[in-house]
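The sequence and the model are shown first.

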Amino acid sequence: MADTLADFDLACRAAALYVYPIKACAGVAVPELVLDARGGAVGDRGWAIVDAEGAVTWLGSHPRLALVQPAFAGAGLVLGAPDMDAIATPAALLPREVKIWSDVHGRHETFAAEDAGDAVAAWLERVVGAPLRLVKLEDAALTRAGSNALHLVFTPSVAAVEARWTPAGAGGIDIRRFRPNIVLALPADGNEFVEESLEALAWQRDGEDDTRLAVTAPCIRCVVPNVDPASARVDETLLDTLAGLSLQRRPGGTVFGIYARGAAGTRLRVGDVARMVPAF
């Protein structure tokens, strides 16, 4: 494997970093990610939205969840949304069980969680128009088989999609549609979908050892990128564009972006440079 700059000297830079306090809701741009024991970002997707059956739901079922903007507040959250007063999660949460679909096992699995209460549930229903509840997930749910740690998106690949997707227009694609944890920038020419040939990224800082993120899988895309994060409007043509480009590169599912994980305690900052390690 190539593992030196002499073998493969293309570098990329962390242009933006995001955490998503609540799975399926809006993200928070941050200057730094700190990785936890599972290899993902501290605070990322530690909360979730469940439906009336107690199953964790997603943006594909409820696009207006994109308008729910969480902010960290101590051990809890404050939720905001357009034309709504903000609401904080209560200090005391109620124990409950939730169901999470497992692609590994092909069925729902049950996990312990904590419910944020009726007031938050009523607030969510006013925003989304459906009977939903906010829950805080326990560690077993966060580390379940098949879960992915970090989602990485590369700017040349976004540019390739912009060139094919007519609605992007002069304003381009809002990169938040892809819900990345890390946006990596590098020159566009010839680097489209380079991430699909990587086995790792080695982050470099003066006077420090390299911090390595291992690439774990390609990201198989669902309908979520069709949801405009600013308005919650749905445009099915974006996923069609992603599918067409993916089919040109590989058979099977629609791929865009990659998953990776790193060592607990790793700190990644906006502006950091990474050396890309190819899988060949």
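## Basis

The structure is a predicted model. Local features are reported where pLDDT is at least 70, and side-chain atom pairs count at pLDDT 80 or more.

## Nonpolar cores

In soluble globular proteins, nonpolar side chains tend to be buried together. The largest nonpolar core here has 25 residues. Those with the most contacts inside this core are Ile22, Ile49, Leu65, Val68, Leu79, Trp123 and Leu134. Two or more residues each come from β4 (47–50), β6 (76–81) and α1 (118–128). With five residues, α1 gives the most to the core.

Which residues does Leu65 touch, leaving aside its neighbours within four places in sequence? Leu65 is in contact with Ala24, Cys25, Ala26, Ile49, Thr57, Trp58, Leu59, Val128 and Leu132. Another core, of 24 residues, lies apart from the largest one. Leu33, Leu152, Leu198 and Leu201 are among its members.

## The four-stranded sheet

Strands of a sheet pair through backbone hydrogen bonds, either parallel or antiparallel. In this model, four strands form an open sheet in the order β4-β10-β9-β8, and the pairing is antiparallel. The edges are taken by β4 and β8 (94–102). Each of these two strands has a single partner, so one side of each is left without a neighbour in the sheet. Direction ignored, neighbouring strands of the sheet are turned by 50 degrees against each other on average.

Strand β9 (residues 107–115) is joined to β10 (residues 133–137) by three bridges, and Asp115 has Val135 of β10 as its bridge partner. Helix α1 packs on the sheet, where α1 touches β4 and β10. The direction of α1 makes about 125 degrees with that of β10.

Between β4 and β10 there are four bridges, and the two strands run antiparallel. Ile49 is paired by a bridge with Leu134 in β10; both residues are listed among those with the most contacts inside the largest core.

Strand β5 (residues 69–73) runs antiparallel to β6, and five bridges join the two. One of the paired positions is Phe72, whose bridge partner in β6 is Leu77.

## Packing of α3 and α4

Two packed helices are described by the angle between their axes and the distance between the axes. For α3 (residues 155–164) and α4 (residues 237–249), the angle is about 115 degrees and the axes are 10 Å apart. The crossing of α3 with α4 is right-handed.

On the α3 side, Ala160, Val161 and Arg164 make the contact. On the α4 side, Leu238, Thr241, Leu242, Leu245 and Gln248 take part. By class, the residues of this contact are five nonpolar, two polar and one charged.

## Loop residues and backbone angles

Most residues other than glycine have a negative phi, and most peptide bonds are trans. Asp83 is not a glycine, yet its phi is positive, at about 65 degrees. The residue lies in the loop between β6 and β7 (84–88). With a relative accessible area of 82%, Asp83 is over the 50% cut-off and therefore exposed.

Phe193 also has a positive phi of about 65 degrees, although it is not a glycine. Its place is in the loop between β12 and β13. Phe193 has 11% relative accessibility, which is under 20%, so the residue counts as buried.

Asn191 lies in the loop between β12 (182–185) and β13 (198–204). Its relative accessible area of 10% is under the 20% limit, so Asn191 is buried. Not counting residues up to four places away in sequence, Asn191 touches Leu10, Pro156 and Leu186.

## Asp139

Helix α2 (residues 139–142) contains Asp139. The residue has a relative accessible area of 60% and is exposed. Asp139 and Ala66 are 73 residues apart in sequence, and their C-alpha atoms are 25 Å apart in space.

How values were computed. Residues are numbered from 1 along each chain as its sequence is written. Side-chain values use heavy atoms; hydrogens and water are left out. A nonpolar core is a set of buried Ala, Val, Leu, Ile, Met, Phe, Trp, Tyr and Cys residues joined through side-chain atoms within 4.5 Å. Buried means under 20% relative accessible area, exposed over 50%, partly exposed in between (1.4 Å probe, protein chains only). Contact means heavy atoms within 4.5 Å. Two strands pair if DSSP finds at least two bridges between them. Axes are lines fitted to C-alpha atoms, for helices over the stretch in contact, and angles run from 0 to 180 degrees between N-to-C directions. A crossing is left-handed if the near helix is turned anticlockwise from the far one by less than a right angle, and right-handed if clockwise. Ala, Val, Leu, Ile, Met, Phe, Trp, Tyr, Cys and Pro count as nonpolar, Asp, Glu, Lys and Arg as charged, and the others, Gly among them, as polar.
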